[in-house]
Amino acid sequence: MTNAPGRLASAKRVEDAAGAMATTAVRRMNDELAWFRDLPADHRSVIGLIAQAGVAAFVDWLRDPRKAVDSTGTIFGAAPREFARLITLQQTVEMVRLTVDVVEQAVGELAAPTEEAALREAVLRFSREVAFAAADVYAKAAEERGAWHARLRALLVDALLRGDAAETLHGRAAAMGWGTPDAVAVIAGQAPDGDAEQVLDDAERRARHLGVDALAGLHGDRLVVVLGGSGDLMQCAADLAAVFGKGAVVVGPTVPTLSEANESATAALTGLRVAAGWPDAPRPVRADDLLPERALDGDALAATALLEDIYKPLALAGPALLDTVTAFLAQGGSVEGTARAMYLHPNTVRYRLRRAIEVCGVSVFDPRGAFVVHVALTLGRMAG
């Protein structure tokens, strides 16, 4: 402002009118801003305190314009830490604009003689500093939320992979905004190159775009994505394959709850470790489609699944069926060779093989299916 006496006189008048201007600002917010009217009473009172603190900070600055404007501490320091979560940046801008408008309208009455133009300019300069301070508050709040989200996400993924108690998983998942999906499945693959947090955020964002809950984490050099939705999540996994790096992408079995996701994650990671054993596997591939490779790698659960789902049904169906399948595999998949080896008519061999497919659900006429059945029979013979 132009002179110290005039500046101080204007500052004294603004100080005397501070309470009235703050009250007017809050009243106008209630009249003009629908979101303000919807706030609880305690939140509206906080905004009133902020308006008063803003006018008080303006008075201090008028008295000594050489001082830096500490609006972050003096103005927004009146708000609780969760203020930035309750009120958006756009709403804060509206609040600041309206308060400045109230002060501007009073400039003519508050300015000392010949100081009106200088006071009006001071109001504009100070409001600019307040706007910068508001942006800084929200930027820091967003940074803190991002860091908190990253830490909680890492803890939750680690707890899931370890198989922690259901209470721990559900508590942390609820803090992450995880709902109660009907089905959960885990996808594992190589992590792509790039910033780790950006990779995880991209995976979660794409999954949410598909309409499913998602939680992404890094396990060494592997990217793990937990999906929560309804029904078969395999199609979502296929749409998400692009977020992974090169190589196989393996989908664990679907489980009903997050507390059982460790089963899906274990299968997915085990399948990823052995996926190189099936070079022509689809991408993504189900972990259950890699049972032979997993069993050969020492996965007891995979070996048990092959015994229960393939060997035992064939064995229980009778020795004729089991012997025919064994001979067919030994003859390299030749019906005629099997018929000669067993002294049977080829049609009898075909009938028994079709019956075997109905019993175990895997076709021995398909090269991949024949390999699966062969490993299952080998495990069955080894188990006695």
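Two strands pair if DSSP finds at least two bridges between them. Helices (H or I, at least four residues) and strands (E, at least two residues) are DSSP runs, numbered from the N terminus. The views below show a predicted model, in which local features need pLDDT of at least 70 and side-chain atom pairs count only at pLDDT 80 or more, while totals for chains, interfaces and linings use all residues. Residues are numbered from 1 along each chain as its sequence is written, and side-chain values use heavy atoms, with hydrogens and water left out.

**View 1. Strand β1 and its two partners.**
Start with Ala188, which stands opposite Val250 in β4 and also opposite Val224 in β3. Strand β1 covers residues 183-190. With strand β3 (residues 222-229), β1 pairs in the antiparallel sense over 8 bridges. With strand β4 (residues 249-251), β1 also runs antiparallel, joined by 3 bridges. How many of the 8 residues of β1 are buried? The count is 7, so strand β1 is mostly covered; buried means under 20% relative accessible area, exposed over 50%, and partly exposed in between (1.4 Å probe, protein chains only).

**View 2. Helix α13, largely enclosed.**
Helix α13 takes in residues 261-274. Because 10 of its 14 residues are buried, α13 is largely enclosed by the rest of the structure. Among these buried residues are Ala261, Ser264, Leu269, Thr270, Gly271 and Val274. The expected span of a helix is 1.5 Å times one less than its number of residues. For α13 that gives 20 Å, and the end C-alpha atoms are 20 Å apart, which agrees.

**View 3. The largest nonpolar core.**
A nonpolar core is a set of buried Ala, Val, Leu, Ile, Met, Phe, Trp, Tyr and Cys residues joined through side-chain atoms within 4.5 Å. The largest one here has 35 residues, and Val14, Met21, Met29 and Phe58 have the most contacts inside it. Helices that each supply at least two residues of this core include α1 (4-16), α2 (18-32), α7 (89-105) and α9 (116-162). Which helix gives the most to this core? That is α4, with 9 residues. Look next at Met29: leaving aside neighbours within four places in sequence, Met29 is in contact (heavy atoms within 4.5 Å) with Phe36, Ile47, Met95, Leu98 and Thr99. Apart from this core lies another, of 27 residues, among them Ala303, Ile310, Cys360 and Ala376.

Side chains of opposite charge can pair when their charged atoms come close. A salt bridge is a side-chain nitrogen of Lys or Arg within 4 Å of a carboxyl oxygen of Asp or Glu, and the structure holds 13 of them. In helix α15 (residues 300-316), Glu308 and Lys312 are 4 residues apart, so about one helical turn separates them. Their closest N and O atoms are 2.8 Å apart. Glu308 is partly exposed at 41% relative accessibility, and Lys312 is partly exposed at 39%. Elsewhere, salt bridges that share partners join Arg28, Glu32 and Asp101 into one network. Within it, the side chains of Glu32 and Arg28 meet at 2.9 Å, N to O. Is Arg28 buried or exposed? Arg28 counts as buried, at 18% relative accessibility, whereas Glu32 is partly exposed, with a relative accessible area of 45%. Arg206 is partly exposed, with a relative accessible area of 36%.

**View 4. Helix α17 and its surroundings.**
Helix α17 spans residues 335-342, and its residues Val335, Gly337, Thr338 and Ala339 are buried. The buried residues of α17 pack against α16 and α18 (346-360). At the start of α17, a side-chain oxygen of Ser334 reaches to within 2.9 Å of the backbone nitrogen of Gly337. After α17 comes Tyr343, whose phi is positive, near 55 degrees.

**View 5. Thr324 in helix α16.**
Thr324 lies in helix α16 (residues 319-330). At 0% relative accessibility, Thr324 counts as buried. Which residues is Thr324 in contact with, leaving aside its neighbours within four places in sequence? They are Thr338, Met342, Val349, Arg352 and Leu353.

Methods:
A polar contact is a pair of N or O atoms within 3.5 Å; within protein, one must be able to donate a hydrogen and the other to accept it, and residues adjacent in sequence count only if both atoms are side-chain atoms.
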